[in-house]
Amino acid sequence: MPEGPSVKKFQLLTSPFVGQVVTKVGGSSRKINVSELKALRLQDSRVHGKNLFLAFVAAGGLLGRTAEELALQRVAHSGASSPAQEGEEQVCAPQIGLPEEEVQELPHSRSDAPDAGGLDNWLRVHFGLFGSIRANEFSRANKANKRGDWKDPIPRLVLHFESGGFLVFYNCRMHWCSSPMADPASDILSVEFHRGRALDALRTSNPVCYTLLDQRYFSGLGNIIKNEILYLAKIHPLTQGSLLALSDLERLLDYAIQFSSDWLESKLHGKGLHPQIYQKEQCPLGHAVMKGTLGPLGGLKRLTWWCPQCQPAVL
C-alpha cells in the first residue's frame with residue numbers, strides 16, 4: 001500500500017499541471033463519470049497522509065460553466081440513487097484502517113456529486129494496495145498476470161492537458177467531495193505535524209504497533225514505516241506505550257519523521273528502499289526475525305516483523 005512518501009511523490013507529479021485545462025479524458029473508472037472532467041481547470045493539488053486531493057473548477061474562458069451547472073451535469077449522468085446514498089455526507093474525511101486489498105470501485109451514483117454551492121470541486125484519490133500515478137507515460141506489463149496474459153494495466157483515469165502532457169491514475173478509488181478535510185497536525189510529512197499530540201497517543205496502554213498505524217495521529221505512516229522505525233528504536237511491536245520511557249517514545253517519533261523524510265527524498269531521486277527488517281528473515285546483525293499478524297481486537301491485522309534479540313519484549 002502506498003504510504004505517505006509515495007503519495008507525496010504522486011502529488012508532486014500533479015503539481016506542474018495545476019492551472020491547466022483538461023482537454024481530453026479517458027479511463028475505466030465507474031465511481032466517477034470521467035467525461036465531466038473535460039474542459040475543467042485543475043486548480044489545486046494537495047496531499048494528506050495517504051490521500052490526494054485535486055480541485056477542479058470550470059474554465060470560464062472556454063465554456064463558462066458555473067458550479068451549479070457542473071453539479072447538475074453529474075446528476076444527469078449519474079441517475080437516481082438509493083435513499084441511503086442520498087443522505088451520505090460528502091466531505092473528504094481520511095479513512096482509517098482500509099483493508100490491504102485491490103481497490104474495487106462501485107458504479108458512480110448521485111451521492112458522488114459535490115455541493116453545487118461550492119466553487120471548488122475536489123476529487124479525493126485513495127491508492128489502496130497497488131495504486132499509482134504516472135506523468136506523461138503509461139504503465140507497461142513487466143510480467144504475465146494470473147491468467148498468463150501479458151496485458152498492460154488499465155488506467156482508472158487519464159487526464160490530458162492543454163500543454164500536451166498527461167496524468168494517468170492506476171488502481172485507485174476516487175470520489176467527489178466538497179472540500180479536503182485534512183489535519184496537517186497529524187501528517188508526518190507536514191511542517192505542522194504536532195509532536196505533542198503524537199506523543200500523547202503513544203503513551204497510552206495500547207501496543208505501539210497499533211498506535212503508529214492510527215491515521216488520526218500518524219497520517220501517512222504505513223506498515224513498512226512502522227516495522228522499520230520499531231526496529232531502529234529497538235522496541236518490541238507489542239510493547240505498551242505506557243511502559244516505555246518518554247525518551248524512548250521521543251526517539252521512536254524522531255525515527256518516524258526522519259525515516260519518512262528520507263524515504264521521500266530517495267523516491268524523488270529514483271532510489272529504492274532498502275529495509276532492515278521488513279520482509280526479512282534475518283536482521284542486520286544476523287539474528288532470526290519473527291513474523292506475525294498483529295492488530296487490535298476487531299480491527300485490521302497487519303504483518304509485522306521484529307527481532308526478538310534486538311527488540312526484546314517489555315514485561
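## Arg134 and Glu137

Arg134 has a relative accessible area of 28% and is therefore partly exposed, a class that lies between buried (under 20% relative accessible area) and exposed (over 50%), with a 1.4 Å probe and protein chains only. Its partner Glu137, at 40%, is likewise partly exposed, and the two form a salt bridge whose closest N and O atoms are 3.1 Å apart; the term denotes a side-chain nitrogen of Lys or Arg within 4 Å of a carboxyl oxygen of Asp or Glu.

## Basis of the values

The model is predicted, so that local features need pLDDT of at least 70 and side-chain atom pairs count only at pLDDT 80 or more, while totals for chains, interfaces and linings use all residues. Residues are numbered from 1 along each chain as its sequence is written, and side-chain values use heavy atoms, with hydrogens and water left out.

## Asp152 and Arg140

A salt bridge also joins Asp152 to Arg140, with 3.0 Å between the closest N and O atoms. Both residues belong to the loop between β5 (132-135) and β6 (157-161), 12 residues apart, where strands are DSSP runs of E with at least two residues, numbered from the N terminus. Asp152 is partly exposed at 36% relative accessible area, whereas Arg140, at 55%, is exposed.

## Other salt bridges

In the structure there are 8 salt bridges. Among them, Asp44 and Arg46 meet through their side chains at 2.8 Å, N to O; Asp44 is partly exposed at 22% relative accessibility, and Arg46 is partly exposed at 42%. Arg195, Glu250 and Asp254 are connected in a network of salt bridges.

Note on methods
Helices (H or I, at least four residues) and strands (E, at least two) are DSSP runs, numbered from the N terminus.
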